[in-house]
Amino acid sequence: PTDHQRILNILKIYSDLTYCEIAEKLAFKNPNKISRRLPELVRLEKIEITGTKICPIAKSNCTTYKLKYEA
């Protein structure tokens, strides 16, 4: 599957994840690969930004994402 699909599959299970948390769940060594895909998915209206939180992995304030509800 594509990176987009793998990210969407994780966000179907979990919500309010940072890019580092998504990368960890996908076992990606480099979370920057995920961070590049997230704005694309927001622009495509597949996911949405839910806010910010202190990421337990990056230890900094990061944007959180969830799957956008599709009616």
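This briefing walks through helices, a strand pair and a few single residues. The model is predicted. Helix H3 covers residues 32–43, and the buried residues of H3 are covered by elements including helix H1, helix H2, strand E1 and strand E2. H1 and H3 cross at roughly 85°. E1 and E2 pair in the antiparallel sense.

**Helix H3**

- H3 has 12 residues. From its first C-alpha to its last, H3 reaches 18 Å, close to the 16 Å expected at 1.5 Å a residue.
- Ile34, Leu38 and Leu41 are buried in H3. These residues cover an arc of only 75° around the axis, so they sit on the same side of H3.
- An α-helix has 3.6 residues a turn, so residues three or four places apart point the same way.
- The cover over the buried residues of H3 includes H1 (3–13), H2 (19–25), E1 (47–54) and E2 (61–67).

**Leu38, a buried residue of H3**

- Leu38 has its place in helix H3. Its relative accessibility is 1%, so Leu38 counts as buried, the cut-off being under 20%.
- Leaving out residues up to four places away in sequence, Leu38 touches Ile7, Tyr19, Ile22, Ile47 and Tyr65.
- Leu38 and Ile57 are 19 residues apart along the chain. Their C-alpha atoms are separated by 17 Å.

**Helix H1**

- Asp3, Ile7, Leu8, Ile10 and Leu11 are the buried residues of H1. They cover an arc of only 160° around the axis, which puts them on the same side of H1.
- Lys12 and Ile13 are exposed on the other side of H1.
- H2, H3, E1 and E2 are among the elements that cover the buried residues of H1.

**Where H1 meets H3**

- Two packed helices are described by the angle between their axes and the distance between the axes.
- The axes of H1 and H3 come within 10 Å. They cross at roughly 85°, so the two helices are roughly perpendicular to each other.
- On the H1 side, Asp3, His4, Ile7 and Leu8 make the contact. On the H3 side, the contact is made by Lys33, Ile34, Arg37, Leu38, Glu40 and Leu41.
- Ile7 and Leu8 are among the buried residues of H1, and both take part in this contact.

**Glu21 in helix H2**

- Glu21 lies in helix H2. Its relative accessible area is 11%, so Glu21 is buried.
- Setting aside neighbours within four places in sequence, Glu21 is in contact with Asp16, Lys53, Cys55, Pro56 and Ile57.

**The loop between H3 and E1**

- Glu45 lies in the loop between H3 and E1. At 52% relative accessibility, Glu45 counts as exposed, the cut-off being over 50%.
- Phi of Glu45 is positive, near 60°, in a residue other than glycine.
- Most residues other than glycine have a negative phi.
- Lys46 is also found in the loop between H3 and E1. Its relative accessible area is 34%, so Lys46 is partly exposed.
- Lys46 and Tyr69 are 23 residues apart in sequence. In space they are 8.3 Å apart, C-alpha to C-alpha.

- E1 and E2 pair over 7 bridges, in the antiparallel sense.
- Gly51 has Thr64 of E2 as its bridge partner. Thr52 stands opposite Thr63 in E2.
- The hairpin has 6 residues between the strands.
- Lys59 has its place in the loop between E1 and E2. With a relative accessible area of 64%, Lys59 is exposed.
- Phi of Lys59 is near 60°, a positive value in a residue other than glycine.

How values were computed. Residues numbered from 1 in each chain as written. Predicted model: local features only at pLDDT ≥ 70, side-chain atom pairs only at ≥ 80, totals over all residues. Heavy atoms only, no water. Helix = DSSP H or I, 4+ residues; strand = E, 2+ residues; numbered from the N terminus. Expected span 1.5 Å × (residues − 1). Buried < 20%, exposed > 50% of the residue type's maximum accessible area, 1.4 Å probe, protein only. Arc of directions from axis to C-beta. Contact = heavy atoms within 4.5 Å. Pairing = 2+ DSSP bridges. Axes fitted to C-alpha atoms, helices over the stretch in contact; angles between N-to-C directions. Parallel < 35°, antiparallel > 145°, perpendicular 65-115°, else oblique.
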